[in-house]
There are 4 protein chains.
Amino acid sequence: MPDLTIEQLQQQLREFAAARDWDQFHSPKNLSMALIAEAAELVEHFQWLTEEQSRSLPETKRTEVEYELADIFVYLLRLADKLDVDLLKAAENKLKLNAEKYPADKVRGSAKKYTEY
Amino acid sequence: MPDLTIEQLQQQLREFAAARDWDQFHSPKNLSMALIAEAAELVEHFQWLTEEQSRSLPETKRTEVEYELADIFVYLLRLADKLDVDLLKAAENKLKLNAEKYPADKVRGSAKKYTEY
Amino acid sequence: MPDLTIEQLQQQLREFAAARDWDQFHSPKNLSMALIAEAAELVEHFQWLTEEQSRSLPETKRTEVEYELADIFVYLLRLADKLDVDLLKAAENKLKLNAEKYPADKVRGSAKKYTEY
Amino acid sequence: MPDLTIEQLQQQLREFAAARDWDQFHSPKNLSMALIAEAAELVEHFQWLTEEQSRSLPETKRTEVEYELADIFVYLLRLADKLDVDLLKAAENKLKLNAEKYPADKVRGSAKKYTEY
């Protein structure tokens with residue numbers, strides 16, 4: 001069975017909130033708070049791991065992390081819906097901007113974006 | 001022109017990082033930090049607004065917020081790719097779990113999930 | 001009994017980590033992740049509340065929030081210790097900078113810092 | 001000159017907000033958002049650094065990080081003041097709880113709190 005599309009997921013979220021009378025809580029302000037709280041749960045999984053450990057998670061931990069990514073995605077979908085943002089198009093535009101901002105032949109090796117820090 | 005798919009965006013991100021030799025920086029640990037930093041830029045847009053104001057952003061601000069959503073999405077796509085997570089499927093599963101956890105006929109009105117806080 | 005001072009708290013934290021052999025985990029990078037995860041637990045308490053509700057918390061919730069503030073403070077103290085920062089002096093300097101940046105007679109009413117958003 | 005105390009800093013913050021008519025913006029909800037946004041600026045400094053690099057920052061970067069710690073502390077002080085929390089006492093209580101929760105002779109070496117992740 002093919003995955004649901006972003007639009008279908010957003011439609012489900014809309015119906016889910018409506019059926020529970022939760023739209024009153026879903027202001028973009030509140031949703032941004034919920035999203036960052038989920039992002040922090042992801043961070044918590046990695047905070048005491050080395051980078052190397054984070055690259056090869058044991059399966060149970062990988063599954064927990066998958067749930068966190070899903071939680072973040074759900075709030076991101078909801079926010080995008082509320083603010084009338086096409087996530088795929090917005091990301092595509094962002095990648096174009098990044099390509100101009102960080103030309104490969106200039107940044108390779110130096111990785112200025114990173115080493116600047 | 002139709003939107004790129006999630007897979008196509010992830011493929012572009014892979015090539016983008018490879019061309020710049022940035023994979024060394026893109027451990028899941030580091031990407032989780034980058035993601036929460038972007039989520040915080042979203043929060044910053046809303047922190048002094050009322051909920052009502054956040055529901056009806058002026059156009060210039062809505063555009064800035066759109067960029068923040070794109071930034072979050074890009075890091076989420078990258079993390080999902082690195083951790084081999086199918087975001088659409090993970091979100092779909094999450095919605096099913098939520099439907100069981102918060103049955104509409106029980107939570108409507110009471111909004112226990114929220115008022116508990 | 002008077003409160004412990006910031007230095008005394010930091011000394012206790014040093015001994016606490018040393019006795020458990022935890023210094024290896026307490027890089028500034030990792031501590032910044034732990035701090036933001038605690039900050040997010042604070043955010044979670046407020047995410048579905050109105051601003052008004054957040055101003056008058058029921059006592060049990062106020063106590064939970066107190067624990068979150070303590071958690072944030074503990075990681076902030078630890079980071080400051082690791083990075084050799086005098087928190088009180090740093091805050092004092094910051095307040096001076098803010099006084100220059102936002103002169104009271106200019107910003108009153110307009111609240112430009114806020115309405116700009 | 002001795003450092004200002006926490007109470008003196010909080011008193012200055014109170015006067016600072018009052019002189020600018022900013023109390024209306026400083027609900028605990030909003031302040032929690034401002035605090036996490038500052039915590040994220042700290043995270044941003046560390047996100048592409050190795051743990052080792054984060055332990056030995058170049059001086060200019062250490063100074064920038066010092067400002068971020070100050071920003072976090074200022075919002076923490078403000079929140080504690082608004083919610084009538086004694087930060088030093090709350091941290092002291094937290095350290096006592098941690099000592100019971102993680103007895104040194106049991107956790108040393110195993111570092112269960114960390115490796116659990």
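Is C:V107 buried, exposed or partly exposed, and why? Select C:V107: the residue counts as partly exposed because 17 C-beta neighbours lie inside 10 Å. (Buried takes 20 or more other C-beta atoms within 10 Å, exposed 12 or fewer, partly exposed in between, with C-beta atoms placed from the backbone.)

Before moving on, some housekeeping. Residues are numbered from 1 along each chain as its sequence is written, with chains lettered from A and ligands numbered from 1 in the order in which they are written. This is a predicted model, in which local features need pLDDT of at least 70 and side-chain atom pairs count only at pLDDT 80 or more, while totals for chains, interfaces and linings use all residues. The model has ipTM 0.93 and pTM 0.94.

Now show helix α6 of chain C, residues 104–107, where C:V107 sits.

Next, select chains C and D together. Their contact involves 61 residues from chain C and 61 residues from chain D, where contact means C-beta atoms, placed from the backbone, within 7 Å. On the chain C side, α4(C) gives the most, with 14 residues. Because 100% of the interface residues of chain C are also interface residues in chain D, the copies meet through the same surface.

Finally, superpose chain C on chain D: a turn of 180° and a shift of 0.0 Å along the axis give an RMSD of 0.0 Å (least squares on C-alpha atoms of residues with pLDDT of at least 70 in both). The two copies are thus related as by a two-fold rotation axis. Stop at C:I36, whose C-alpha is the nearest to the axis in chain C, 3.2 Å from it.

Key. Helix = DSSP H or I, 4+ residues; strand = E, 2+ residues; numbered from the N terminus. Contact = placed C-beta atoms within 7 Å.
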